[in-house]
Amino acid sequence: MFSGVKAGLVSADVLRREQQELRRHERNNKHLEEESRHAETVFRDKSGRKRDLAQEQLEQRQKAEAQSKRDEQYAKWGKGLAQGRQQQQNVEDAIKEMQKPLARYIDDQDLDRMLREQEREGDPMADFIKKRKAKENKEKEKPRYKGPAPPLNRFNIWPGHRWDGVDRSNGFEQQRFARMANKKAVQELAYKWSVEDM
């Protein structure tokens, strides 16, 4: 039977022996039962190795945080960085304007600066002011070669500002340009000869 005792008609001493055997078996397994009752569950992967659930949970949380940061950054990029900066600037300007008094007088420096920066049609001094500002803001230009026209090269690179105008090449560039011109002339001549009869 399922309980471990014999089925059917049994004598009393056989029944007693079986019960004693069952009690002894239960006593032997009692300490195993107690140990397993308070034991932690061991989770294993497909290959049979123990899994550290706390570590896995921590890694999963870190991955989720990194993914959320990345999604947030892509969402920010998708809206446009310049537009975001412009919107932030507009908000700051609006807050700044709200803090000012409602009435603006002639000695208000912000109003004066704003009116000066506006460009008006037909302003005679606008060109003069633009030139003066350009001169003030002009960055120092890199020096360029200012002599006679240099010989061509295949990369169209202009010579440096210290070049003295002496061609020290081995003539490869001129030969290359001559070959290209000759090839083009031969192709043109061949085309004209082929359509001559038409």
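Me: Since helices (H or I, at least four residues) and strands (E, at least two) are DSSP runs, numbered from the N terminus, which helices each supply at least two residues of the lining of the largest pocket?

Reply: This is a predicted model, in which local features need pLDDT of at least 70 and side-chain atom pairs count only at pLDDT 80 or more, whereas totals for chains, interfaces and linings use all residues. Residues are numbered from 1 along each chain as its sequence is written, and side-chain values use heavy atoms, with hydrogens and water left out. The two helices that answer your question are helix 4 (109–117) and helix 5 (126–137), and helix 5 gives the most, with 6 residues.

Me: What makes a space a pocket, and how do you know which residues line it?

Reply: The search runs on a 1 Å grid over the protein atoms alone, where a cavity is a set of points that a 1.4 Å probe fits but cannot leave, while a pocket is an open set with protein on both sides within 12 Å along at least five of seven lines. A residue counts as lining if it has an atom within 4 Å of a point, and by that test the largest pocket has 14 lining residues, among which Arg116, Glu117, Gln118, Ile129 and Lys133 lie nearest its centre. Its volume is about 420 Å³, a figure that stands for the space filled by probe spheres set on the points, with grid points joined across faces, edges and corners.

Me: How many residues of that lining are nonpolar, polar and charged?

Reply: Ala, Val, Leu, Ile, Met, Phe, Trp, Tyr, Cys and Pro count as nonpolar, Asp, Glu, Lys and Arg as charged, and the others, Gly among them, as polar. Sorted in this way, the lining divides into 10 charged residues, 3 nonpolar and 1 polar.

Me: Why is the contact between Arg24 and Glu21 called a salt bridge?

Reply: A salt bridge is a side-chain nitrogen of Lys or Arg within 4 Å of a carboxyl oxygen of Asp or Glu. The N to O distance between the side chains of Arg24 and Glu21 is 2.8 Å, and both residues lie in helix 1 (residues 12–37), 3 residues apart, about one turn of the helix. In total the structure holds 11 salt bridges. Another of them joins Asp112 and Arg116 at 3.1 Å, and these two residues both lie in helix 4, 4 residues apart, again about one turn.

Me: What is Lys100 paired with, and what does that pair tie together?

Reply: The side chain of Lys100 meets that of Asp110 in a salt bridge of 2.7 Å, N to O. Asp110 lies in helix 4 and Lys100 in the loop between helix 3 (81–99) and helix 4, so the pair ties together parts that are 10 residues apart in sequence. Both residues also belong to a network of salt bridges that links Glu97, Lys100, Asp110 and Arg113.

Me: Why is Lys100 called buried, and why does Asp110 count as partly exposed?

Reply: Buried means under 20% relative accessible area, exposed over 50%, and partly exposed in between (1.4 Å probe, protein chains only). Lys100, with 19%, is therefore buried, whereas Asp110, at 22%, counts as partly exposed.

Me: What makes the pair of Tyr145 and Trp158 an aromatic pair, and why is it called tilted?

Reply: Rings of Phe, Tyr and Trp (its six-membered ring) pair if their centres lie within 6.5 Å, and planes under 30 degrees apart count as stacked, over 60 as edge-to-face and the rest as tilted. The structure holds 2 aromatic pairs. In the one formed by Tyr145 and Trp158, the centres are 6.4 Å apart and the planes make an angle of 55°, hence a tilted pair. The two partners, 13 residues apart, both sit in the loop between helix 5 and helix 6 (172–194). Tyr145 is buried at 8% relative accessibility, whereas Trp158 at 44% is partly exposed. Tyr145, Trp158 and Trp163 form one aromatic cluster.

Me: How do you know that Asn156 is exposed, and what is its phi?

Reply: Asn156 has 65% relative accessibility and so counts as exposed. Its phi is near 55°, a positive value in a residue other than glycine, and its place is in the loop between helix 5 and helix 6.
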